[in-house]
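Please keep the sequence and coordinates open while reading.

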2 protein chains.
Amino acid sequence: MSTTIAENKIIRYRGTELNTKGWQQEAVLRMLMNNLDKEVAEIPEELVVYGGIGKAARNWESFDAIVESLKNLEDDETLLVQSGKPVVIFKTHTDAPRVLLANSNIVPAYANWDTFHELDKKGLMMYGQMTAGSWIYIGSQGIVQGTYETFAELAKQHFNGTLQGTITVTAGLGGMGGAQPLSVTMNGGVCIAIDVEEWRIDRRIETRYTDVKTDSLDEAIRLANEAKAEGKALSIGLVGNAAEILPEMIKRNFIPDALTDQTSAHDPLNGYVPTGLSIEEANKLRASDPEEYVKRSKASMAVHVKAMLEMMEKGAITFDYGNNIRQVAKDEGVENAFDFPGFVPAYIRPQFCEGKGPFRWVALSGDPEDIYKTDEAILREFSDNEHLCNWIRMAQEKIEFQGLPSRICWLGYGERARFGKILNDMVASGELKAPIVIGRDHLDSGSVASPNRETEAMKDGSDVVADWPILNAMVNAVGGATWVSVHHGGGVGMGYSLHAGVVIVADGTKEAEARLQRVLTTDPGMGVVRHVDAGYDIAINKARETGMKIPMLDKRSDQN
Amino acid sequence: MSTTIAENKIIRYRGTELNTKGWQQEAVLRMLMNNLDKEVAEIPEELVVYGGIGKAARNWESFDAIVESLKNLEDDETLLVQSGKPVVIFKTHTDAPRVLLANSNIVPAYANWDTFHELDKKGLMMYGQMTAGSWIYIGSQGIVQGTYETFAELAKQHFNGTLQGTITVTAGLGGMGGAQPLSVTMNGGVCIAIDVEEWRIDRRIETRYTDVKTDSLDEAIRLANEAKAEGKALSIGLVGNAAEILPEMIKRNFIPDALTDQTSAHDPLNGYVPTGLSIEEANKLRASDPEEYVKRSKASMAVHVKAMLEMMEKGAITFDYGNNIRQVAKDEGVENAFDFPGFVPAYIRPQFCEGKGPFRWVALSGDPEDIYKTDEAILREFSDNEHLCNWIRMAQEKIEFQGLPSRICWLGYGERARFGKILNDMVASGELKAPIVIGRDHLDSGSVASPNRETEAMKDGSDVVADWPILNAMVNAVGGATWVSVHHGGGVGMGYSLHAGVVIVADGTKEAEARLQRVLTTDPGMGVVRHVDAGYDIAINKARETGMKIPMLDKRSDQN
Ligand SMILES: NC(=O)c1ccc[n+]([C@@H]2O[C@H](COP(=O)([O-])OP(=O)(O)OC[C@H]3O[C@@H](n4cnc5c(N)ncnc54)[C@H](O)[C@@H]3O)[C@@H](O)[C@H]2O)c1
Ligand SMILES: NC(=O)c1ccc[n+]([C@@H]2O[C@H](COP(=O)([O-])OP(=O)(O)OC[C@H]3O[C@@H](n4cnc5c(N)ncnc54)[C@H](O)[C@@H]3O)[C@@H](O)[C@H]2O)c1
């Protein structure tokens, strides 16, 4: 579809006037549009939001039908969306979700990229990624705190609490990966972030996620070393292919202090560019001979991971950043690909144990003032949580809004329900101009089964058990979330994960208050329970302290 | 666990006195117990209900904790069960399900028997089959009508509407397979049903599902030929191994008119007995060398399928009966294993298009009179449906109750909601002694993705798309079903299916009436929608006639 036609379809609804029959429907409509806003989505004219080919609707016909359905949807109806296509509207009830979605789910024995592409070609499926197909992507800002927390924890574990005076190398400045340079500089460090597509770097510079750009490796190294020596924070976007640049760095004896990668390696066809090809050549090959493309792509990933392993041996603190690149390298014969850990077991799991994860909210009014007021509420109500308050202040200063104004902040079990009520009260009192949408990434505490990422190396060996995201989706839907989704694939690609999303609207009503209380309790609650069941003490303590009803809790901890 | 301890734990609650805080909880408790009732379950002392190792709870500790949880569960609480283990109780609301279950779900890339057995051994998982882990198995009676309908349609397509004067050969007289001989005789035919375990045949004879038993092939053939010649209905249980007997039949030039199989071939370790071993030897080998067992088991299935193919060539109407034996044979090198069709595309899909499938209800009172009264209601309210009324009369006459009295009957979209209200009214008026539980198999119109069975050979090629069962589960949970489950594996084994279950209680209240209306509409409705989306005219007409809201319906049928 041409950019202009797409732009005509993607409408920026703002203010307090409804285009639908109620705020819940309106919230869905505005968030769908926002997912595809040109400030937010990577390639809106192809319905691609982020993460390779993560889409918001199966095709433009489906998009139109979804919009039409939302505009006519009654307060007691529920629209069902199957891999980006609206398939039926059922009469349910006012406390039911307005939309239920299932995206990219394939019977397990066939759950691979080949089958997916075949179905995709037949028009029977789309790739939902995580927040793309579930309409709660908010641009790179959505991942910033998670990335910040990861680097902060890395700094704590390895560099005395700060990245000052260290250099981090990474690749991939896409929708999610673009948060890396900013997160490193927020932690005081220097970052060289490689991307093969120059426009991606330009985009990060426009939104102040990256400071400077170069296409010279030597220049990048010089700038980085200078900043490191001066203890200054600096992020450098380096145009190039990571699988070529990393070996070059090794040749020059340049070994960074920390090393990771966020190319879209989970999708060898659409997310990763093999070495030896210009972007134009790569695009041509992808279209003319996808098999050959995938072959080269996987071979390049093996080279890429081997270079990471070598740098690790030479002292770089190395971790996988959730794109499943280790698995591909291993399948390609790099036996020790899993020698460096994933970011979740290395840095994030303790937060998951308390139900914490990338919680977020969006001002449907479109007015940034609404978000600043909610910032104030956090600073006031959670003033005892210094880390959190620091984050809010830093976010206000450094993070540009993209599309609808929004905020991300890792809250956990108990905190989310409490804050949900505060937000709802602020809407009710008129302090905020319009309702607030509350959601999270699928990458959360109790919503995902992903053995190479969120559930890597679980204490009890339950990495691949996938009952949890399904229970999560069902209990959130039942509680009255506004929309709920179950996806397969996502950030680690076909076959490697199942996960659920949830979004709920605070419209200031008493009914919404009750729904918020339920959903914002069960959702992070599932995270605590999942980690209790796996035997984590932090989670067990959290469950005890908060009086959660866990039938076999005592049995469980007796065993530990 | 010893049989006595198990029997002490499995209590037959009957009558109108509650052992819990409400009828919804009571229904769950009684149905869990009923699933394990010795009249119903295949091996209650191992918690095995049917279908190989399909279980009702992960282990006895979990069973106890589930029972305890149900007894204390409030009217606004929801218990979550993860692969047969109770993991948390959340406060939800009175219209929410009392229990949500997810069983045997594994991240797709690992969704195979090896991983399952590993998790099972670690105590992290159980096999939920379909109705075993979701507590709505009602013994062989649960499958009788489906099996009857299958043979009736086969008779219609190939034998002028009756099996009189024909011989059908099959194997497997387990929980489900045991329905075959009765279904054949109900259609007027002769059946030789082979089972390797004599006690299974005895059991079918006790409940009048099978007429006679023999361990002599020659005797079986003689009896069958005699009955065929006389045009009499007769079912013969033949003790033996199907992979040995079928080749022997071919040697004797005995080719049946119809041929199928319902051994638990979906599970090569626990469900199928390889040739050349006595039961004792098989049990020993299974324990001492499971790998060797599986190897032999698969090799025997290849022999078994080859014999079926040969008989087919020689004129037997041959079909797969949903145990995935073709897939195993194919993996073993029998290239043309899929030359005979599955029973769904061959005989059942037209019913699925109208939302029809194995609907069932159970009298919680335990009083058979309650079921007879509901039979009368069907005969009265659906008197225009002759086929249905015939079924009810035949069922009354021929089907023994097992455990709680219950009835099965294939109703579709529209009919289910209508009958749900009738049942609820009968409870309200006191005509029935206690509430009624309403449910269905996972093998239903809109609740399963299973490319070798329920969704084999879909018109649009969407056989492996698995979004549907997940949407089904979510919308039924939201509507207020009493319990909802999502399972992986089931009748075709690990990797080959995802499916959802739903059960709802008619307790005579107005609230239940509203919930029944919703759930008994959305559930079969999903079946219609799934087949509309795949382009089936019967479904498209049904949707049009009944005014379902399908956003892209017109677009869809314009294409057809
Ligand atoms: N860590 C997390 O929290 C997290 C969260 C979500 C996603 N992810 C994963 O991170 C990856 C990136 O996500 P995204 O949304 O930024 O994806 P994206 O598709 O928007 O961006 C990928 C970027 O990688 C670049 N790239 C591809 N091949 C390259 C190569 N050989 N060398 C250098 N650059 C190359 C592309 O030009 C593009 O800019 C995905 O695999 C995603 O699943 C991680
Ligand atoms: N068609 C349907 O509607 C439908 C529905 C549910 C299940 N199924 C499938 O049918 C199969 C049977 O289900 P079930 O509940 O009866 O299982 P079950 O495990 O209770 O019974 C299986 C029977 O097969 C016998 N058997 C095993 N190997 C044999 C051999 N080599 N020769 C002869 N007999 C042998 C066993 O002794 C046992 O009696 C399963 O695979 C199930 O998934 C079909």
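## Ligand 2: the shell

How do the residues of the shell around ligand 2 divide into nonpolar, polar and charged? The shell holds 11 nonpolar residues, 17 polar ones and five charged ones. The model is predicted.

There are 33 residues around ligand 2. Those that come nearest are B:Gly52, B:Asp195, B:His266, B:Tyr321 and B:Gly491.

## Ligand 2: polar contacts and cover

B:Asp195 also makes a side-chain contact: one of its side-chain N or O atoms is 2.6 Å from an oxygen atom of ligand 2. B:Ser264 places a polar side-chain atom 2.8 Å from a ligand 2 oxygen. B:Gly51 uses its backbone, with an N or O atom 3.1 Å from an oxygen of ligand 2.

On its own, ligand 2 has 850 Å² of accessible area, and the protein covers 98% of that.

## Ligand 1: the shell

Ligand 1 has 33 residues around it. A:Gly52, A:Asp195, A:His266, A:Tyr321 and A:Gly491 come nearest. By class, the shell has 11 nonpolar, 17 polar and five charged residues.

A:Gly491, one of the nearest residues, has a backbone N or O atom 2.7 Å from an oxygen atom of ligand 1. A:Val273 also contributes a backbone N or O atom, 2.9 Å from a nitrogen of ligand 1. For A:Arg200 the side chain is involved: an N or O atom there is 3.1 Å from a ligand 1 oxygen.

Note on methods: Residues are numbered from 1 along each chain as its sequence is written. Chains are lettered from A and ligands numbered from 1 in the order in which they are written. This is a predicted model: local features need pLDDT of at least 70, side-chain atom pairs count only at pLDDT 80 or more; totals for chains, interfaces and linings use all residues. Side-chain values use heavy atoms; hydrogens and water are left out. A residue is near a molecule or strand if one of its heavy atoms lies within 4 Å of it. A polar contact is a pair of N or O atoms within 3.5 Å; within protein, one must be able to donate a hydrogen and the other to accept it, and residues adjacent in sequence count only if both atoms are side-chain atoms. Accessible areas come from the Shrake-Rupley method with a 1.4 Å probe; for residues, only the protein chains shown count as cover. Ala, Val, Leu, Ile, Met, Phe, Trp, Tyr, Cys and Pro count as nonpolar, Asp, Glu, Lys and Arg as charged, and the others, Gly among them, as polar.
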